[in-house]
Amino acid sequence: MTTGQHRAAQPETGPQDDEEPLPTIAEQMADQLGGWRGLVESSIPVVVFVLANIIGELRPAVIASVSVAVLIAGVRLAQRRPIRHAVNGLFGVGVGAAIAWRTGDERDFYLPGILYGIGYGVALLISAAIRQPLVGWIWSVLVAKGRSEWRADPKLVRTFTQLTVLWGVVWLAKVGVQAGLYLAHQDTALGVARLALGYPPYALLLLITVWTVRRVTRESPPAPLPSA
């Protein structure tokens with residue numbers, strides 16, 4: 001590896017680097033998860049659907065969950081707060097609710113999430129197999145401000161590949177549990193699994209990813225100064 005490549009592979013280190021430092025682990029976690037408020041707000045529509053479906057019938061449960069999702073997005077918009085997480089949650093709830101409403105089967109509320117999870121898990125593993133790890137490219141967009149110098153560092157490429165495999169395996173495992181409950185017509189258990197296997201594994205994977213990449217980056221020796 002050349003000196004120029006090594007310097008590019010660790011943009012946040014080096015005594016003469018004037019670029020803005022990367023956000024802390026806590027800041028990156030909070031941004032991706034939307035903070036505690038984002039975690040709670042994204043879970044409320046699903047909780048409402050599960051409880052309303054247990055107490056009553058499918059269509060009132062669908063109306064209640066969609067109404068709550070719309071209300072959450074509206075409150076965030078009125079408060080001029082970021083609505084990315086609220087909109088994502090509203091979209092997911094809306095698609096699932098529309099399918100369940102049309103088919104009359106409450107388990108179909110969770111079908112879009114299952115299909116999305118399968119597609120995402122497969123895409124992660126394929127990207128790792130072709131040496132274009134998806135986690136690395138997502139890191140470039142969300143953390144490294146579009147930079148992709150990690151492609152010039154074999155150690156970082158290997159790290160991102162391993163992390164991408166980890167994400168893919170975990171994603172397929174958790175969606176496999178939900179798919180099994182879906183096929184077994186365990187509607188209430190499916191709703192509980194949707195909540196339990198939603199943000200907790202995502203938060204853990206995100207923490208592992210941020211910590212691992214930062215550790216690997218710090219372990220890289222500083223680039224030597226050019227000779228006079």
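How are α7 and α8 oriented to each other, roughly parallel or roughly perpendicular? In this predicted model, the axes of helix α7 (residues 134-142) and α8 cross at roughly 105° and come within 7 Å. Since angles of 65 to 115 degrees count as roughly perpendicular, α7 and α8 are therefore roughly perpendicular to each other. On the α7 side, the contact is made by Leu 134, Val 135, Gly 136 and Trp 139; α8 contributes Phe 160, Leu 163, Thr 164 and Trp 167. Sorted by class, the contact of α7 with α8 has six nonpolar and two polar residues, and no charged ones.

Helix α7 also meets helix α6 (residues 111-129), and here the two axes come within 8 Å and cross at roughly 100°. That angle makes α6 roughly perpendicular to α7. Tyr 120, Leu 124 and Ser 127 of α6 make this contact with Leu 134, Val 135 and Ile 138 of α7. Five nonpolar residues and one polar residue form the contact of α6 with α7, with no charged residues.

The N-terminal end of α8 is capped by Asp 153, with a side-chain oxygen 3.0 Å from the backbone nitrogen of Lys 155. Just after α8, His 185 adopts a positive phi of about 60°.

How values were computed:
Residues are numbered from 1 along each chain as its sequence is written. This is a predicted model: local features need pLDDT of at least 70, side-chain atom pairs count only at pLDDT 80 or more; totals for chains, interfaces and linings use all residues. Side-chain values use heavy atoms; hydrogens and water are left out. A polar contact is a pair of N or O atoms within 3.5 Å; within protein, one must be able to donate a hydrogen and the other to accept it, and residues adjacent in sequence count only if both atoms are side-chain atoms. Helices (H or I, at least four residues) and strands (E, at least two) are DSSP runs, numbered from the N terminus. Axes are lines fitted to C-alpha atoms, for helices over the stretch in contact, and angles run from 0 to 180 degrees between N-to-C directions. Angles under 35 degrees count as roughly parallel, over 145 as roughly antiparallel, 65 to 115 as roughly perpendicular and the rest as oblique. Contact means heavy atoms within 4.5 Å. Ala, Val, Leu, Ile, Met, Phe, Trp, Tyr, Cys and Pro count as nonpolar, Asp, Glu, Lys and Arg as charged, and the others, Gly among them, as polar.
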